[in-house]
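The sequence and structure come first.

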Amino acid sequence: MAKDEIILGIDPGTQLMGYALLRIHKGQPQVLLMDVLKLTAQKDIYARLETIHTRVCELVKLYKPSTFAIEAPFFGKNVQSMLKLGRAQGVAIAAAIQAGLTVTEYSPKKVKQSITGNGNADKDQVWKMLQRILQIEEKPQYFDATDALAVALCHHYQSSSPLAATGKGLKGWEDFITKNPGRVKKI
């Protein structure tokens with residue numbers, strides 16, 4: 001019998017960091033936890049980074065995820081914000097790597113595309129799809145939590161896809177068929 005997979009999803013941030021744990025049981029995703037880490041009480045950016053590291057380590061120790069998925073920083077206009085966000089992401093990734101987890105990054109557009117079918121969906125559309133797919137009743141206070149859950153579910157979809165089983169670097173079904181002629185049945 002296959003062991004359940006647990007995915008730790010992170011939406012990095014320097015004020016709020018969303019995190020979620022998703023269990024995959026017999027191929028079906030189930031929410032274990034969805035929450036945020038509030039960092040605004042700490043003025044020192046380095047104290048915030050330490051808090052991020054500590055929380056990710058606690059989540060890993062408590063839930064024993066098998067993999068770690070994180071949203072890649074969105075490239076905005078403010079360079080200072082990007083730098084801070086990159087640091088937060090790096091600290092979370094370092095904690096996951098330190099625990100021996102495989103790390104996968106997803107762009108915000110990829111996450112939205114995986115969940116809603118639209119890479120330009122807004123946060124409310126993503127939440128409503130998550131609610132429908134995972135049968136969640138209560139809306140969390142912050143979209144950062146739902147964003148983290150979306151990252152985890154995106155990872156599940158990407159890693160359970162037939163294209164994922166053949167390795168990275170495939171450009172679509174045509175490429176899959178070309179590289180895997182023995183797996184294609186002609187009708």
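The expected span of a helix is 1.5 Å times one less than its number of residues. Helices (H or I, at least four residues) and strands (E, at least two) are DSSP runs, numbered from the N terminus.

## Basis of the model

This is a predicted model, in which local features need pLDDT of at least 70 and side-chain atom pairs count only at pLDDT 80 or more, while totals for chains, interfaces and linings use all residues. Residues are numbered from 1 along each chain as its sequence is written, and side-chain values use heavy atoms, with hydrogens and water left out.

## Overall fold

The chain has six helices and five strands, arranged along the sequence as β-β-β-α-β-α-β-α-α-α-α. Of its 187 residues, 42% are buried (under 20% relative accessible area, with exposed meaning over 50% and partly exposed in between; 1.4 Å probe, protein chains only).

The accessible surface comes to about 11,100 Å², and carbon and sulfur atoms hold 53% of that; areas come from the Shrake-Rupley method with a 1.4 Å probe. Among contacts (heavy atoms within 4.5 Å) with a separation of 6 or more, 56% join residues 24 or more positions apart.

## Helix 2

Helix 2 (residues 79-98) has 20 residues and should therefore span 28 Å at 1.5 Å a residue; its end C-alpha atoms are 28 Å apart, which agrees. Gly 100 follows helix 2 and has a positive phi, near 85°.

The buried residues of helix 2 include Met 82, Leu 85, Val 91 and Ile 93. The partners of this buried set are strand 1 (5-11), helix 1 (45-63), strand 4 (67-71) and strand 5 (102-106).

## Gln 89

Gln 89 lies in helix 2 and counts as buried because its relative accessibility is 7%. Apart from neighbours within four places in sequence, Gln 89 contacts Pro 12, Ile 70, Glu 71, Ala 72, Pro 73 and Glu 105.

## Helix 3 and helix 5

The axes of helix 3 (residues 108-116) and helix 5 (residues 143-159) come within 9 Å and cross at roughly 75°. Helix 3 is therefore roughly perpendicular to helix 5 (65 to 115 degrees; under 35 is roughly parallel, over 145 roughly antiparallel and the rest oblique). Axes are lines fitted to C-alpha atoms, for helices over the stretch in contact, with angles from 0 to 180 degrees between N-to-C directions.

On the helix 3 side, Lys 110, Val 111, Ser 114 and Ile 115 meet Ala 150, Val 151, Leu 153, Cys 154, Tyr 157 and Gln 158 of helix 5. The residues of this contact divide into seven nonpolar, two polar and one charged (Ala, Val, Leu, Ile, Met, Phe, Trp, Tyr, Cys and Pro count as nonpolar, Asp, Glu, Lys and Arg as charged, and the others, Gly among them, as polar).
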